[in-house]
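Got your viewer open and ready? Follow along stop by stop, selecting as you go.

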Amino acid sequence: LTHWRELWAFSQWVILYNTARFLNGRVDQFVIGGIGSAADAGNYYVAYDTSGLATREVIWPMGRAFTPTLAKIAHDPAEMKKALLGVLGVVAAIALPAGIGTSMVAEDTTLVLLGEQWTQSVEFFRWLAICGAFEAVLLAMETHFIAVGRERTFAAITLAQLAVLVPAVAVAGAVSGIHGVAAIRTLVTAVTVVLMLGVMVRLGWLSWRGLAAISWRPLVAAAAMAAAVAATHGLLGSGRLPSLAQDIGVGMLAYGVALVALWLLCGRPAGTERSILAALSGWWRRRRAV
């Protein structure tokens with residue numbers, strides 16, 4: 001108990017942040033429950049729970065692994081800046097195609113995984129899949145704020161997000177109906193990501209040029225993926241499962257090819273692509289050695 005003050009100085013902000021994050025994740029569901037039927041609330045909850053699987057189940061474990069690694073180099077600003085760009089680059093390379101791709105196959109995914117009775121959740125699913133990509137970026141930034149002892153700043157921004165989200169979803173629900181709630185939630189989350197990045201730039205952890213350098217190739221590759229999926233959708237017939245399998249295969253192939261092609265055209269710079277290819281190469285060598 002000798003150091004309880006130091007522990008509480010950290011814990012109080014983490015508790016506040018986690019409380020605000022919980023409410024941020026539930027306030028739209030409360031609004032849907034208030035303005036819609038029990039079926040609407042169920043459709044929204046299921047859409048929220050399933051639309052983020054492609055990002056949540058990959059990025060969240062990564063985020064927890066990043067925290068102790070970042071904490072070890074917190075005393076070295078130059079190394080931290082390099083590590084932060086690396087983390088955000090990896091998250092962007094995974095979350096952007098996952099969020100956009102999941103949104104594009106929302107109908108087939110919902111009906112294949114859940115069944116025809118969940119048709120009404122498809123529109124929620126489309127928006128919330130994009131929202132999940134932004135939430136993944138927020139999670140990556142959370143690890144950095146905590147590692148450098150800025151949990152108070154992160155908690156304050158999360159509280160500000162909650163303060164905006166509560167009236168925003170209430171107004172959206174009243175004006176646009178239940179489907180407006182998912183759209184406004186996605187918008188507020190995107191604005192929060194931009195605000196967080198602005199704070200990091202202001203603190204000298206990042207630069208806008210550095211952020212552009214790590215994000216433009218995943219963005220262009222994700223756009224190429226979306227175009228390829230849209231152009232080839234339905235070629236294997238109208239069956240839900242074949243259509244979903246085709247879209248996923250085409251999307252993964254198009255994104256991978258576009259990302260690597262852009263990287264090669266840029267002279268194979270150090271960054272996300274090189275790290276991913278090195279990891280895949282190491283995995284392949286270990287598989288062959290077994």
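Start by selecting Arg268, which sits in the loop between helix H10 (240-265) and helix H11 (272-289). Helices here are DSSP runs (H or I, at least four residues), numbered from the N terminus. Arg268 is not a glycine, yet its phi is positive, at about 55°. Its relative accessibility is 49%, so Arg268 counts as partly exposed; the scale calls a residue buried under 20% relative accessible area, exposed over 50% and partly exposed in between (1.4 Å probe, protein chains only).

A quick word on what you're looking at. This is a predicted model, where local features need pLDDT of at least 70 and side-chain atom pairs count only at pLDDT 80 or more, while totals for chains, interfaces and linings use all residues. Residues are numbered from 1 along each chain as its sequence is written, and side-chain values use heavy atoms, with hydrogens and water left out.

Next, pick Arg152 in helix H7, which runs over 151-176. Arg152 is exposed, at 55% relative accessible area.

Now go to Tyr17, in helix H1 (residues 4-35). Is Tyr17 buried or exposed? Tyr17 is buried, with a relative accessible area of 6%. Beyond its neighbours within four places in sequence, Tyr17 touches Glu142, Phe154, Ala155 and Thr158, where contact means heavy atoms within 4.5 Å. The C-alpha of Ile157, 140 residues away along the chain, is 8.9 Å from that of Tyr17.

Move on to Ser51 in helix H2 (residues 38-51). Leaving aside neighbours within four places in sequence, Ser51 is in contact with Thr102, Phe125, Leu128 and Ala129.

Time for a helix pair. Select H3 (residues 53-72) and H4 (residues 77-104), which pack at an angle of about 175° with their axes 10 Å apart. Axes are lines fitted to C-alpha atoms, for helices over the stretch in contact, and angles run from 0 to 180 degrees between N-to-C directions. That angle makes H3 roughly antiparallel to H4, a label for angles over 145 degrees. Show side chains at the contact, including Val58, Met62 and Phe66 of H3 and Val87, Val91 and Ile94 of H4. By class, this contact has 14 nonpolar, three polar and no charged residues; Ala, Val, Leu, Ile, Met, Phe, Trp, Tyr, Cys and Pro count as nonpolar, Asp, Glu, Lys and Arg as charged, and the others, Gly among them, as polar.

Which residues have the most contacts inside the largest nonpolar core? Highlight Leu88, Val91, Met141, Leu197, Met200 and Leu206, in a core of 32 residues. A nonpolar core is a set of buried Ala, Val, Leu, Ile, Met, Phe, Trp, Tyr and Cys residues joined through side-chain atoms within 4.5 Å. H3, H4, H6 (122-147), H7, H8 (178-202) and H9 (208-232) each give two or more residues, with the largest share, nine, coming from H6. Center on Leu206 and you'll find Lys81, Leu84, Leu85 and Leu88 among its contacts. Apart from this core lies another, of 18 residues, among them Ala47, Ala168, Val181 and Val188.

Last stop: Ala190 in helix H8, buried at 17% relative accessible area. Draw a C-alpha to C-alpha distance to Ala212, 22 residues away in sequence, and it comes to 16 Å.

Key
Angles under 35 degrees count as roughly parallel, over 145 as roughly antiparallel, 65 to 115 as roughly perpendicular and the rest as oblique.
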